[in-house]
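Here is a friendly tour of a structure for someone who likes to know how each term is defined. Have the viewer open as you read.

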Amino acid sequence: MLLEVKGINTYRGPAHILHGVSISVDKDEVVALVGRNGAGRTTIIESVTGLLPVRSGQILFRDEEITSLPPHRRAKRGIGYAPENSGIFPELTVAENLMISRWLAQKTERGAAGDGNTEARAFTVFPEVRQLVDRQGQNLSGGQKKMVAIARAMALAPYLLILDEAFEGLAPAVVKRFREAVMTIKAMGISLLIAESNLVSAATMADRLYVVDRGEIVFHGKPQQALADDQVMRTLRG
Amino acid sequence: MKPDPNTPRNRSLLRLAAAMAPILLLLILLPTFVETYQIQLVTYGLIAAIAALGFNLLLGYTGLLSFGHSAYFGIGAYTVAFVVQHLGPHSMEFYILIGIPVVAIVSALFGYICVRHTRIFFGILTLAISQVVYSLVLKLYWVTGGSDGLRVPRPALLLGLLNFSGPRAFQQFITSYYYYVLAIFVVCVVLMWVVVHSPFGKALQAIRDNEVRARFLGLSIRRFRWISFLVSGTFTGLAGILWVPLNGLTTPDVLYWTFSGEIVFSALLGGFRNFTGPIVGGIVFTYLKTYAVATTEYWQLLLGVVLVTLVLVLPTGIVGGLSMLGLRLSKGRS
């Protein structure tokens, strides 16, 4: 198993957000976390990336415990992250945003092993990014920012790429383009963990999915099973 | 493989070289058409520019405002004074050879403590540490000379090739030392340019812009800030090393917090969000202070008015303001 999250409890300040959440992602797999806003998807992702500390439970990545590792160490082990707000550095150009990842990739496990081929991979997923290299992050559209965020995470040569709401706010044609990108990334041997609020959209990409509600996993299975489950549909409708 | 002149990094390097060439030529020719006093002032200005350049790696590129950079400047100056008193030979290269590692070690140590905090806590901590150094230098008078300070005679330059004695020794020293400082200034500018345009420099800017984003990209925030502090302190310390033979004396004044304020002022005056701003700021501040002191006994009031005007009218400093003006003019033409 590539990623195993075992019974984690996470708090935001005094608020207990995640209650014994367990998920897993295997090699060459696309897994979706589906839930309404505030269900706890982003908290799960921030727990996995190390941006939020977990109070109890265990996180294993490539069979090694990473529960107490800081975010930069997790990134070096091969966890790439494209957050909901893209996370592009506004005053740096796209080339400079990518330059940092390319440089850091030499220090990641996969990059150091020569398995990265980092920036070329990023451009294979989104060739459009080549045209944007001289632009500052603050001068990109929402879709372009998301593309650059994914390309930047890819340039880190990750084993697992985490996308938080990568398709939110995009035009339908662009969403289609992003779905294709997800499939291309998977074909490169990179697993994906995708947080998505739309079950139908998630079902088109995911091999497996988890439905999150009020900080708990309420469903785990194949996308088609989720679509056929009335309880799941009711949970997601609210 | 030939370097591609169209990459942003190489374009930026070409722009820097094109901007520097005429200024450098002017600076090389300067001693032929100005008097010794003006050469001395420009030398002070170049030294202040090195200090501000180092300081700005921390403020402009890492987003940390230090109120204690006088400590590194002063430690550089006092190291030279101690070398003069207890070691030999009286050679500038020897002073630099001893001074830089001392300043780097002190910066590394103080930086390790300070970068554990950010914002106002970082600023206060740097200020407090510099004041501890100031108090020690002031109180340990049997070592440091207390408020009288320590004298530093004119050193030999270029491993003893240039010695200064005789009736025109002062003028000869000032002119030779000017070229000496100019050469080191050019090396410092190129070195700093390489640092801020390297992936390391971009990582510092990423940390400045958003620490959380930088963290999940794999950047160890504290380590990068510490290295930035170390480089910044060392550059400022080098300025102190170069300053003291020109001044001939070092006193605890260069360790006092108001001197840290002058370094901050220089960076603000030139503009801390661009590479050349602190260089311009360092030189302009030197002239501003010198002529303000010569003009009125209320020179601090005059500098205060300049600072307030600057913040209100030119928040991006002289260079930032000129760039904006140039941009508007070029837009107007097109």
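## About the model

This is a predicted model, in which local features need pLDDT of at least 70 and side-chain atom pairs count only at pLDDT 80 or more, while totals for chains, interfaces and linings use all residues. Residues are numbered from 1 along each chain as its sequence is written, and chains are lettered from A and ligands numbered from 1 in the order in which they are written.

## Strands of chain A

Helices (H or I, at least four residues) and strands (E, at least two) are DSSP runs, numbered from the N terminus; two strands pair if DSSP finds at least two bridges between them. In chain A, four strands make an open sheet in the order β2-β1-β4-β5, with antiparallel pairing. Its edge strands are β2 (15–25) and β5 (64–65) of chain A, each pairing on one side only. Strand β4 (residues 54–61) of chain A is joined to β5(A) by two bridges, and A:Leu60 stands opposite A:Glu65 in β5(A).

Elsewhere, look at β9 (residues 208–213) of chain A, which runs parallel to β3 (residues 30–34) of chain A with four bridges between them. Here A:Tyr210 of β9(A) sits opposite A:Leu33. β9(A) is also joined by five bridges to the antiparallel strand β10 (residues 216–221) of chain A, where A:Gly221 is the bridge partner of A:Leu209. These two strands, β9(A) and β10(A), form a hairpin with two residues between them, and A:Arg214 in the turn has a positive phi of about 50°.

## The nonpolar core

A nonpolar core is a set of buried Ala, Val, Leu, Ile, Met, Phe, Trp, Tyr and Cys residues joined through C-beta atoms within 7 Å. Buried means that 20 or more other C-beta atoms lie within 10 Å of a residue's own, with C-beta atoms placed from the backbone. The largest such core has 163 residues, and those with the most contacts inside it are A:Ile150, A:Ala151, A:Ile194, B:Ile47 and B:Ile50. Helix α2 (residues 36–61) of chain B gives the most to this core, with 15 residues.

What does A:Ile194 touch? Not counting residues up to four places away in sequence, its partners include A:Val30, A:Ala32, A:Leu163 and A:Met205.

## Where the chains meet

Residues are in contact if their C-beta atoms, placed from the backbone, lie within 7 Å. The contact takes 23 residues from chain A and 16 residues from chain B. On the side of chain B that touches chain A, α8(B) gives the most, with six residues.

Note on methods:
Two residues are in contact if their C-beta atoms, placed from the backbone, lie within 7 Å. A residue is buried if 20 or more other C-beta atoms lie within 10 Å of its own, exposed if 12 or fewer, and partly exposed in between; C-beta atoms are placed from the backbone.
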